[in-house]
Amino acid sequence: MPTPLIKICGLSTPESIAAAADAGASHVGLVHYAPSPRHVDIARAAALRRAVPSHVKAVLLVVNMAADALAQAVEAIRPDVVQFHGRETPRECAAFRAATGLEVWKAKGIKTPADLAQAQDYAGAVDRLLYDAPAGKLPGGQGIALDWSLLASYRHTIAWGLAGGLNAENVARAVRQTKAPLVDTSSGVESAPGIKDVDRIKAFCQAALQI
Ligand SMILES: O=C(O)c1ccccc1N[C@@H]1O[C@H](COP(=O)(O)O)[C@@H](O)[C@H]1O
(Lines give C-alpha, C1' and ligand atoms only; values in the text may rest on other atoms or scores of the structure.)
Protein backbone atom coordinates (compact mmCIF):
# COMPACT_ATOMS: atom_id res chain seq x y z
CA MET A 1 0.00 0.00 0.00
CA PRO A 2 1.52 3.41 -0.93
CA THR A 3 2.12 5.76 1.99
CA PRO A 4 -0.52 8.49 2.12
CA LEU A 5 -0.01 12.17 1.56
CA ILE A 6 -0.29 14.04 4.85
CA LYS A 7 -2.01 17.34 5.54
CA ILE A 8 -1.55 19.01 8.91
CA CYS A 9 -4.20 21.70 9.24
CA GLY A 10 -4.85 24.71 11.43
CA LEU A 11 -1.23 25.81 11.76
CA SER A 12 -0.69 29.27 13.17
CA THR A 13 3.04 29.60 13.81
CA PRO A 14 6.13 29.29 11.58
CA GLU A 15 7.51 26.76 14.09
CA SER A 16 4.58 24.37 13.67
CA ILE A 17 4.80 24.72 9.88
CA ALA A 18 8.50 23.82 10.01
CA ALA A 19 7.75 20.87 12.29
CA ALA A 20 5.10 19.54 9.93
CA ALA A 21 7.34 19.96 6.88
CA ASP A 22 10.31 18.32 8.61
CA ALA A 23 8.14 15.42 9.77
CA GLY A 24 7.03 14.64 6.20
CA ALA A 25 3.76 16.51 5.66
CA SER A 26 2.95 17.10 2.00
CA HIS A 27 0.39 19.82 2.78
CA VAL A 28 -0.09 22.36 5.57
CA GLY A 29 -3.42 24.08 6.17
CA LEU A 30 -4.24 27.65 7.22
CA VAL A 31 -7.77 28.16 8.54
CA HIS A 32 -9.36 31.50 7.60
CA TYR A 33 -12.69 31.17 9.40
CA ALA A 34 -13.31 33.50 12.35
CA PRO A 35 -15.33 31.10 14.58
CA SER A 36 -12.50 28.56 14.57
CA PRO A 37 -9.91 28.49 17.38
CA ARG A 38 -7.40 28.04 14.52
CA HIS A 39 -8.43 31.16 12.60
CA VAL A 40 -5.69 33.32 11.15
CA ASP A 41 -6.48 36.68 9.59
CA ILE A 42 -5.35 37.48 6.06
CA ALA A 43 -2.13 39.28 7.02
CA ARG A 44 -1.13 36.46 9.37
CA ALA A 45 -2.03 33.80 6.81
CA ALA A 46 0.04 35.57 4.15
CA ALA A 47 3.04 35.70 6.51
CA LEU A 48 2.63 32.03 7.43
CA ARG A 49 2.28 31.07 3.79
CA ARG A 50 5.71 32.59 3.15
CA ALA A 51 7.10 30.23 5.80
CA VAL A 52 5.92 27.13 3.89
CA PRO A 53 8.86 25.39 2.20
CA SER A 54 8.56 24.98 -1.56
CA HIS A 55 8.24 21.17 -1.42
CA VAL A 56 5.11 21.49 0.77
CA LYS A 57 1.76 22.74 -0.51
CA ALA A 58 -0.10 25.49 1.32
CA VAL A 59 -3.84 24.87 1.70
CA LEU A 60 -6.19 27.76 2.51
CA LEU A 61 -9.31 26.49 4.33
CA VAL A 62 -12.41 28.66 4.01
CA VAL A 63 -16.09 28.26 4.90
CA ASN A 64 -18.92 29.85 2.87
CA MET A 65 -16.86 32.94 2.03
CA ALA A 66 -18.31 35.62 -0.23
CA ALA A 67 -16.67 35.53 -3.67
CA ASP A 68 -15.08 38.99 -3.49
CA ALA A 69 -13.65 38.44 0.00
CA LEU A 70 -12.30 35.07 -1.10
CA ALA A 71 -10.66 36.62 -4.17
CA GLN A 72 -8.94 39.19 -1.93
CA ALA A 73 -7.76 36.50 0.48
CA VAL A 74 -6.37 34.36 -2.34
CA GLU A 75 -4.62 37.36 -3.88
CA ALA A 76 -2.91 38.15 -0.55
CA ILE A 77 -2.14 34.61 0.62
CA ARG A 78 -1.40 32.88 -2.69
CA PRO A 79 -2.15 29.32 -1.56
CA ASP A 80 -1.50 26.25 -3.72
CA VAL A 81 -4.87 24.74 -2.81
CA VAL A 82 -8.19 26.11 -1.57
CA GLN A 83 -10.22 23.78 0.65
CA PHE A 84 -13.92 24.59 0.80
CA HIS A 85 -15.34 23.32 4.08
CA GLY A 86 -18.86 24.76 4.06
CA ARG A 87 -21.93 24.58 1.84
CA GLU A 88 -20.15 25.60 -1.37
CA THR A 89 -21.91 24.01 -4.36
CA PRO A 90 -20.27 22.09 -7.23
CA ARG A 91 -21.04 25.04 -9.49
CA GLU A 92 -19.36 27.54 -7.12
CA CYS A 93 -16.30 25.29 -6.73
CA ALA A 94 -16.01 24.82 -10.49
CA ALA A 95 -16.37 28.57 -11.14
CA PHE A 96 -13.68 29.36 -8.57
CA ARG A 97 -11.34 26.76 -10.05
CA ALA A 98 -11.86 28.06 -13.59
CA ALA A 99 -11.32 31.67 -12.51
CA THR A 100 -8.16 31.08 -10.46
CA GLY A 101 -6.57 27.94 -11.90
CA LEU A 102 -5.96 26.83 -8.31
CA GLU A 103 -6.30 23.29 -7.03
CA VAL A 104 -9.65 22.96 -5.25
CA TRP A 105 -10.68 20.52 -2.55
CA LYS A 106 -14.19 20.10 -1.15
CA ALA A 107 -14.82 18.68 2.32
CA LYS A 108 -18.02 16.71 2.77
CA GLY A 109 -19.49 15.34 5.98
CA ILE A 110 -20.23 11.64 5.62
CA LYS A 111 -22.62 9.68 7.82
CA THR A 112 -24.38 7.33 5.40
CA PRO A 113 -23.75 5.68 2.01
CA ALA A 114 -26.16 8.26 0.56
CA ASP A 115 -23.87 11.08 1.75
CA LEU A 116 -20.98 9.43 -0.04
CA ALA A 117 -23.01 9.04 -3.21
CA GLN A 118 -24.11 12.69 -3.05
CA ALA A 119 -20.53 13.87 -2.62
CA GLN A 120 -19.78 12.51 -6.08
CA ASP A 121 -21.77 15.46 -7.49
CA TYR A 122 -18.46 17.34 -7.12
CA ALA A 123 -16.70 15.12 -9.70
CA GLY A 124 -15.40 17.39 -12.43
CA ALA A 125 -15.82 20.47 -10.22
CA VAL A 126 -13.00 19.87 -7.73
CA ASP A 127 -9.61 18.18 -7.67
CA ARG A 128 -10.13 16.23 -4.46
CA LEU A 129 -12.91 15.31 -2.07
CA LEU A 130 -12.10 15.31 1.62
CA TYR A 131 -14.36 13.06 3.67
CA ASP A 132 -14.96 14.32 7.21
CA ALA A 133 -17.46 13.67 10.00
CA PRO A 134 -20.72 15.63 9.59
CA ALA A 135 -20.67 19.24 10.80
CA GLY A 136 -21.44 19.90 14.45
CA LYS A 137 -21.06 23.25 16.19
CA LEU A 138 -18.24 23.93 13.72
CA PRO A 139 -18.10 22.58 10.17
CA GLY A 140 -14.83 20.78 10.97
CA GLY A 141 -11.91 20.55 13.34
CA GLN A 142 -14.09 18.67 15.81
CA GLY A 143 -11.92 15.61 16.39
CA ILE A 144 -14.77 13.31 15.38
CA ALA A 145 -14.16 10.35 13.10
CA LEU A 146 -16.57 9.25 10.42
CA ASP A 147 -17.50 5.58 9.97
CA TRP A 148 -14.46 4.32 8.05
CA SER A 149 -16.28 1.16 6.98
CA LEU A 150 -18.31 3.32 4.56
CA LEU A 151 -15.11 4.07 2.64
CA ALA A 152 -13.50 0.64 2.89
CA SER A 153 -15.33 -0.95 -0.01
CA TYR A 154 -16.19 2.19 -1.97
CA ARG A 155 -15.02 2.41 -5.61
CA HIS A 156 -13.56 5.91 -5.72
CA THR A 157 -13.59 7.67 -9.07
CA ILE A 158 -12.14 11.00 -7.88
CA ALA A 159 -9.05 11.81 -5.81
CA TRP A 160 -9.95 11.91 -2.14
CA GLY A 161 -8.64 12.19 1.39
CA LEU A 162 -9.72 11.17 4.88
CA ALA A 163 -10.25 13.75 7.62
CA GLY A 164 -11.99 13.77 10.99
CA GLY A 165 -10.67 12.65 14.34
CA LEU A 166 -7.34 11.32 13.07
CA ASN A 167 -4.39 11.17 15.46
CA ALA A 168 -1.11 9.28 15.89
CA GLU A 169 -2.91 6.41 17.59
CA ASN A 170 -5.52 5.69 14.93
CA VAL A 171 -4.11 6.93 11.60
CA ALA A 172 -2.40 3.66 10.60
CA ARG A 173 -5.60 1.70 11.29
CA ALA A 174 -7.63 4.26 9.34
CA VAL A 175 -5.36 4.02 6.30
CA ARG A 176 -5.25 0.22 6.38
CA GLN A 177 -9.04 0.07 6.57
CA THR A 178 -9.89 2.77 4.02
CA LYS A 179 -6.74 2.84 1.83
CA ALA A 180 -6.92 6.64 2.00
CA PRO A 181 -4.40 8.26 -0.35
CA LEU A 182 -4.28 11.38 1.84
CA VAL A 183 -4.88 11.91 5.56
CA ASP A 184 -5.72 15.22 7.18
CA THR A 185 -5.61 16.12 10.85
CA SER A 186 -6.04 19.22 12.95
CA SER A 187 -7.28 18.75 16.52
CA GLY A 188 -5.55 15.35 16.76
CA VAL A 189 -2.12 17.02 16.84
CA GLU A 190 -2.95 19.70 19.44
CA SER A 191 -2.42 20.08 23.18
CA ALA A 192 -5.45 22.41 23.40
CA PRO A 193 -7.85 23.82 20.77
CA GLY A 194 -5.76 25.87 18.35
CA ILE A 195 -2.43 25.00 20.01
CA LYS A 196 -0.37 22.66 17.86
CA ASP A 197 1.94 20.20 19.60
CA VAL A 198 5.17 19.53 17.72
CA ASP A 199 5.62 16.07 19.25
CA ARG A 200 2.10 15.06 18.22
CA ILE A 201 2.71 16.33 14.70
CA LYS A 202 5.87 14.21 14.50
CA ALA A 203 4.15 11.14 15.93
CA PHE A 204 1.24 11.51 13.51
CA CYS A 205 3.52 11.76 10.47
CA GLN A 206 5.65 8.85 11.66
CA ALA A 207 2.59 6.65 12.14
CA ALA A 208 1.15 7.60 8.74
CA LEU A 209 4.45 7.11 6.91
CA GLN A 210 5.16 3.70 8.49
CA ILE A 211 2.21 2.04 6.79
O1 LIG B 1 -9.89 23.21 12.09
C2 LIG B 1 -10.88 23.95 12.18
O3 LIG B 1 -11.04 24.70 13.13
C4 LIG B 1 -11.91 23.91 11.10
C5 LIG B 1 -12.90 24.89 11.11
C6 LIG B 1 -13.86 24.90 10.12
C7 LIG B 1 -13.87 23.94 9.13
C8 LIG B 1 -12.88 22.95 9.13
C9 LIG B 1 -11.91 22.91 10.11
N10 LIG B 1 -10.94 21.93 10.15
C11 LIG B 1 -10.86 20.81 9.29
O12 LIG B 1 -11.74 19.76 9.68
C13 LIG B 1 -11.19 18.51 9.34
C14 LIG B 1 -11.16 17.58 10.53
O15 LIG B 1 -10.48 18.13 11.63
P16 LIG B 1 -10.08 17.27 12.92
O17 LIG B 1 -8.82 16.53 12.54
O18 LIG B 1 -11.19 16.35 13.23
O19 LIG B 1 -9.82 18.25 14.00
C20 LIG B 1 -9.80 18.81 8.78
O21 LIG B 1 -9.89 18.92 7.37
C22 LIG B 1 -9.50 20.15 9.34
O23 LIG B 1 -8.58 20.78 8.54
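**A chat about this model**

Biologist: By class, how many residues in the shell around the ligand are nonpolar, polar and charged?
Modeller: Happy to start there! Ala, Val, Leu, Ile, Met, Phe, Trp, Tyr, Cys and Pro count as nonpolar, Asp, Glu, Lys and Arg as charged, and the others, Gly among them, as polar. Sorted by class, the shell has 11 nonpolar, 14 polar and three charged residues.

Biologist: Before we go on, which pLDDT do local features need here?
Modeller: Residues are numbered from 1 along each chain as its sequence is written. This is a predicted model, where totals for chains, interfaces and linings use all residues, side-chain atom pairs count only at pLDDT 80 or more, and local features need pLDDT of at least 70.

Biologist: Which residues are closest to the ligand, and which elements give two or more residues to its shell?
Modeller: Of the 28 residues surrounding the ligand, the closest are C9, S36, G140, G141 and S187. Helices (H or I, at least four residues) and strands (E, at least two) are DSSP runs numbered from the N terminus. The elements giving two or more residues to the shell are β2 (27–31), β6 (128–132) and β8 (182–185).

Biologist: Which residues have the most contacts inside the largest nonpolar core?
Modeller: A nonpolar core joins buried Ala, Val, Leu, Ile, Met, Phe, Trp, Tyr and Cys residues through C-beta atoms within 7 Å. The largest one here has 62 residues, and those with the most contacts inside it are I8, A20, V28, L30, L60, V62 and V183.

Biologist: Is A208 buried or exposed?
Modeller: A208 sits in helix α8 (residues 198–209). A residue is buried if 20 or more other C-beta atoms, placed from the backbone, lie within 10 Å of its own, exposed if 12 or fewer, and partly exposed in between. Because A208 has 25 other C-beta atoms within 10 Å, it is buried.

Biologist: Which residues does A208 touch?
Modeller: Two residues are in contact if their C-beta atoms, placed from the backbone, lie within 7 Å. Not counting residues up to four places away in sequence, A208 touches P4, I6, V171, V175 and V183.

Definitions and conventions. Near = placed C-beta within 6 Å.
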